Amino acid sequence: LHLITGIRRNMRNQLMPLVDKRMLRGRFVIETVFDILKCQMGLEHSRHRSPMNAMVHILSCLVAYAYRPGKPSILRKGKKLEAYP
């Protein structure tokens, strides 16, 4: 288990591998997407009667998110990379 966190004021300053640094940059976007899925799209942990119903619920939330305008995106090398063209 490898825990990746940002450096705080009370921590020693250490060099971070480039891969960890990139993952830390994308963490905010991932957490934002999960927050939108949970709060606005209705994705919540509930007890479904069958695994198929649970998967349909997750899939319906993802489809609703895909059609949502103004999704967050990651900037890389000055270009905006969209999740969907």
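Author: The whole structure was searched for disulfides, and the count is zero; a disulfide here is a pair of cysteine sulfur atoms within 2.5 Å. Cys 39 is exposed, at a relative accessible area of 60%, whereas Cys 61 is buried, at 4%. Buried means under 20% relative accessible area, exposed means over 50%, and partly exposed is in between (1.4 Å probe, protein chains only).

The model is predicted, so local features need pLDDT of at least 70 and side-chain atom pairs count only at pLDDT 80 or more, while totals for chains, interfaces and linings use all residues. Residues are numbered from 1 along each chain as its sequence is written, and side-chain values use heavy atoms, with hydrogens and water left out.

The protein chain contains two helices and two strands, in the order α-α-β-β along the sequence. Helices (H or I, at least four residues) and strands (E, at least two) are DSSP runs, numbered from the N terminus. Of the chain's 85 residues, 9% count as buried.

The part to look at is helix α1. Helix α1 covers residues 18–39, which is 22 residues, and reaches 32 Å from its first C-alpha to its last, close to the expected 32 Å. That expected span is 1.5 Å times one less than the number of residues. The helix bends by about 30° at Gly 26; the bend is the angle between axes fitted to the seven residues ending at a residue and the seven starting there.

Gly 26 is also one of the buried residues of α1, with Asp 20, Val 29, Val 33, Ile 36 and Leu 37. Asp 20 is buried yet has no salt bridge, and the nearest side chain of opposite charge, Arg 22, is 11 Å away. For charge, Lys and Arg count as positive and Asp and Glu as negative, with His and the chain ends not counted. Beyond its neighbours within four places in sequence, Asp 20 is in contact with His 2 and Ile 4, where contact means heavy atoms within 4.5 Å.

A salt bridge is a side-chain nitrogen of Lys or Arg within 4 Å of a carboxyl oxygen of Asp or Glu, and the search of the whole structure finds one. The side chains of Arg 27 and Glu 31 form it, at 2.9 Å from N to O. Arg 27 and Glu 31 are four residues apart in α1, so about one helical turn separates them. In general, an α-helix has 3.6 residues a turn, so residues three or four places apart point the same way. Arg 27 is partly exposed at 40% relative accessibility, and Glu 31 is partly exposed at 43%.

Pro 72 lies in the loop between α2 (51–66) and β1 (74–76) and is partly exposed, with a relative accessible area of 28%. Leaving aside neighbours within four places in sequence, Pro 72 is in contact with Val 29, Thr 32, Val 33, Ile 36 and Tyr 65. Thr 32, in helix α1, is partly exposed at 24%. Thr 32 and Pro 72 are 40 residues apart in sequence and 7.7 Å apart in space, C-alpha to C-alpha. For Val 33 and Pro 72, the separation is 39 residues in sequence and 7.5 Å in space, C-alpha to C-alpha.
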